[in-house]
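Colleague: I'd like to go through this one term by term. Can you tell me where each label comes from?

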Amino acid sequence: MTTEKLNEKKGVVVRFVGDSGDGMQLTGTLFSETAALDGNDIATFPDYPAEIRAPHNTIAGVSGFQVHIGKRIYNSGDNCDVLVAMNPASLKSNLKWAKKGSIIIVDADTFTDDAIGKAGYTNSPLDDDSLSGYILIKAPITSLTVEAVKDIFTDKRSAERSRNMFALGMIFYIYSKELDHTDSYLEKKFSKTPDVVKANKAVVRAGYNFCENTDVLQSQQVRVEQAIMPKGRYRNITGNIATAWGLLAAAEKANLPLFLGSYPITPATDILIELAKHKSLGARVFQAEDEIAGICSAIGASFAGALACSSTSGPGLSLKSEAIGLAVMTELPLVIVDVQRGGPSTGLPTKTEQADLYQALYGRNGEAPCIVIAASTSANSFYYAFEAARLSLEHMTPIILLTDGYLGNGSQLFRIPKMSELPKINPPFATPNDETYAPYKRDTETLARQWAIPGMEGLRHRIGGLEKLDGKGSVSTEPANHQKMVNLRAEKVQRVANRLPDQKLIVGDETADLLVVGWGGTEGALKLAVEELCEQGKKIAFTHFNYIMPLPKNTAELFNKFNKIIVCELNMGQFVNYLRSNFETKSFLQYNKTQGLPFEVSELKEKFNQILGGK
Amino acid sequence: MAIEHSQVQLTKADFTSDQMVKWCPGCGDHAILASVLGIFPEIGYKKESYCMVSGIGCSSRFPYYVNTYGFHGIHGRAAAIATGVKIANPRLSVWINSGDGDATAIGGNHFIHLIRRNMDVNYILFNNRIYGLTKGQYSPTTKQGQITKTSPYGVIDYPFNPGELVMGARGTFFARAIDNSPKSLGEVFMEMAKHDGTAVVEVLQNCVIFNDKTHQEVTNRDIKEDRQLWLKQGEPMIFGKDRSKGIVLKGNHLEVVEIGKDGITEKDLLVHDATRENTGVHMMLAQMCPPEFPMAFGVIRAVKQLTYNQIFEKQMQELTETSSIKCVDDLLNSGDTWEV
């Protein structure tokens, strides 16, 4: 491999697109992992259709996987430097994501009249000048793949399965990456079918060599700068896996069995799938008959003494509303994970959005406050899942953890913590045979009630959804008691703020003319946009919220240092309105988008520049 | 996992709660409560090992009146809540109290799935064929044509027979009892307690206020011997005032016969076998109703089958022993990782 005289770049974005079933997710994953092993920081994001296998060669069937690698990576990138399109439909639907002048690699063999027509082109885009602004590489990927494996597979179907590896080999050449990781992956994955290993390895090399022999690509070879990362052990992790592991970590630290009661729903299902694997770690996972049974079983499990969780997405959270109220009333610990997607109703199941915030904050009958927190990167989903369990268990109240499709399915590098570095979790257990025990007797500091686990001696009690007499916990319809209990449940949630870290500026300082505010899954794009403007000398700062209900105690103080604040979120203004209701005298600008897509750094910078310029 | 037994002999008083029982005078629920309080000491588990779970409705107030661990849930969800209790804490003896509306209307889905899974819980279904707590609307078990507050011209719906739902979901235990027969109630509850898996007992329960005498076609003193067939394992199906009637299987259906008539002897009668895995005869027995047939009572079906919880615990144990991932540190460091 030639490594000298290569162009250096801080970061590059590669987008792999093809028919669902073309193996784009695997191709992207292998490229990102290779880059990570080679010292790059990475972030990935799959972009797949709601249909499992839509008709071949149609726009509806296009599946994609975007990889962002480089020195300092906060998100999966806006537009790509290389677009790999395995058929006409994927080129047609993804060209909008390619930067001007970027490399477009197409499998020229797939541009048949039929496929061109199905994609909605009237003429082949390879033959007119519609792609003249790009470096177009018309690679006969299918035929060269078949050629590369002709000694292994004689049937075309088996041979063509490796097409994605040809594309991968091409990308490896362009970014001068080694093939070792892919080799060992293939050896492990297909250990029972050595022919498949051999074929795939041959095709990766064929792709690599094809580029080496293509003049135009030789000058395009790039070396991507290595990341400067804190020392430690790393792995690649998606937000959903990180969430599942965070819950397991919390159960271990609380010394409780983990119970998950869930129903499959996109894009949250991976949490259920992951935890179902870990019976050896004591995970008691129950796939329920519906969303309601999922959360109700979790409430039963919590009553019976488990760290109980239910994972879902927006429509599922709607179905769980009544039961969350039951957990509020019975003052039991319960973690509800909402991996948000585009709504309302079935909405955009595979696309991301942040529009469940109102539902999390207010979507229940009666005065029913819950703690609400949000993860903000795929990797920190681990810590916020852990934190959700900790707050819920120690404060004896349900908590809603908001992540989203972008975090859940996207992946990032994760510095692996040691369990000994994480705090111990201490739920307020009642003491067996304590004669003074009463179900609603509270801790004076946190207002949490004691948790008596069925089976414990001398603590038999009954609780339920009817209003409870404070202290004793018997059923009560006393007007004054109801008022008191409503106040206590609200105050209990507010007091969680006593132990939250201060809200801090992530970028910039107090002298900035504009404070950018975000929450949840948009942190990467916002941080990068503000950092880039700062580097250009703009007076701009950035703060990002993970704790939403309650807010960190210094929030007002922080806001008061700035004259202009803009709140950016992937909904029509739910967090900004929540802030307005909390800080009535403060005025907030807002920037919103509901397209099922993450923020692009470029659109954010444009918006912020507009505000800064207009002052 | 075994449920812990009490070291001392407990009595009814050990399970009587300090709450005032607020059911209407004459309500069938009082008799069911008395039976449960009576058999808990007999079953012999520790006081702390019992857990009552309910949904919403008159019968769902039950947990407040039993001094055990108890959870009063939300409408229809008792089965789902109890499922979580049992999976999280298999050392508990879990009892569900639910009415016909709670179990077969809003909670119908949970009811059939609980049974399908053979979750190891006891399910007392109080069937008074009416919504009592909301004051008299028809339920899924109300008879067609009955006038209620929400069916002023008569119920149009065809009713559910809870036994058919249990059989349809391949339940492993179904029994039927009557609130005005305390002795048999206690016996049936004891059989339920002994069964591993989802045990459903339908209690024909009278609502004196909104559906009085709804079961009288089988409970009326004057005719009850002719309208009630009490099943006993291994015994021929005989009923009637002078025990002169029986049930035979003729072709693919059941028939009532008179013993001694047309040469019929006891030997011709169907012998009850609750343990047959095939639900065919049990389904026919559960379906029998007056005036053509007597109604079947006692244990109609009691089939041995591994419970959800037994299989669950076996998986947990095997995987704990064989998996190389023993703690979360192992998990975090599993698969592809690298040092920076």
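Modeller: Helices (H or I, at least four residues) and strands (E, at least two) are DSSP runs, numbered from the N terminus. Counted that way, chain A has 21 helices and 23 strands. Bear in mind that the model is predicted: local features need pLDDT of at least 70 and side-chain atom pairs count only at pLDDT 80 or more, while totals for chains, interfaces and linings use all residues. Residues are numbered from 1 along each chain as its sequence is written, and chains are lettered from A and ligands numbered from 1 in the order in which they are written.

Colleague: What makes the radius of gyration of chain A agree with a compact globule?

Modeller: The radius is taken over C-alpha atoms, and the globule rule is 2.2 Å times the number of residues to the power 0.38. For 615 residues that rule gives a value near 25 Å, and chain A has 27 Å, so the two agree. The C-alpha trace spans about 85 × 65 × 45 Å along its principal axes.

Colleague: Why is Q137(B) called partly exposed?

Modeller: Buried takes 20 or more other C-beta atoms within 10 Å of the residue's own, exposed 12 or fewer, and partly exposed is in between, with C-beta atoms placed from the backbone. Q137(B) has 15 such neighbours, so it counts as partly exposed. You'll find Q137(B) in the loop between β4 (122–127) and α6 (162–168) of chain B. In chain A, 56% of the 615 residues count as buried.

Colleague: What is meant by the largest nonpolar core, and which residues touch the most other members?

Modeller: A nonpolar core is a set of buried Ala, Val, Leu, Ile, Met, Phe, Trp, Tyr and Cys residues joined through C-beta atoms within 7 Å. The largest one has 263 residues, and I299(A), L307(A) and V516(A) touch the most other members. Helix α10 (residues 239–254) of chain A brings the largest share, 10 residues. Apart from that core lies another, of six residues, including Y131(B) and F210(B).

Colleague: Which residues of chain B does I299(A) touch?

Modeller: Contact means C-beta atoms, placed from the backbone, within 7 Å. Leaving out residues up to four places away in sequence, the contacts of I299(A) include I81(B) and G84(B). Overall, 54 residues from chain A and 48 from chain B take part in the contact, and α12(A) gives the most to the chain A side, with nine residues.

Colleague: How do you know that β17(A) and β2 of chain B pair?

Modeller: Pairing needs at least two bridges found by DSSP between two strands. β17(A) and strand β2 (residues 69–72) of chain B have three, in the parallel sense, and F71(B) is the bridge partner of I463(A).

Terms used: Two residues are in contact if their C-beta atoms, placed from the backbone, lie within 7 Å.
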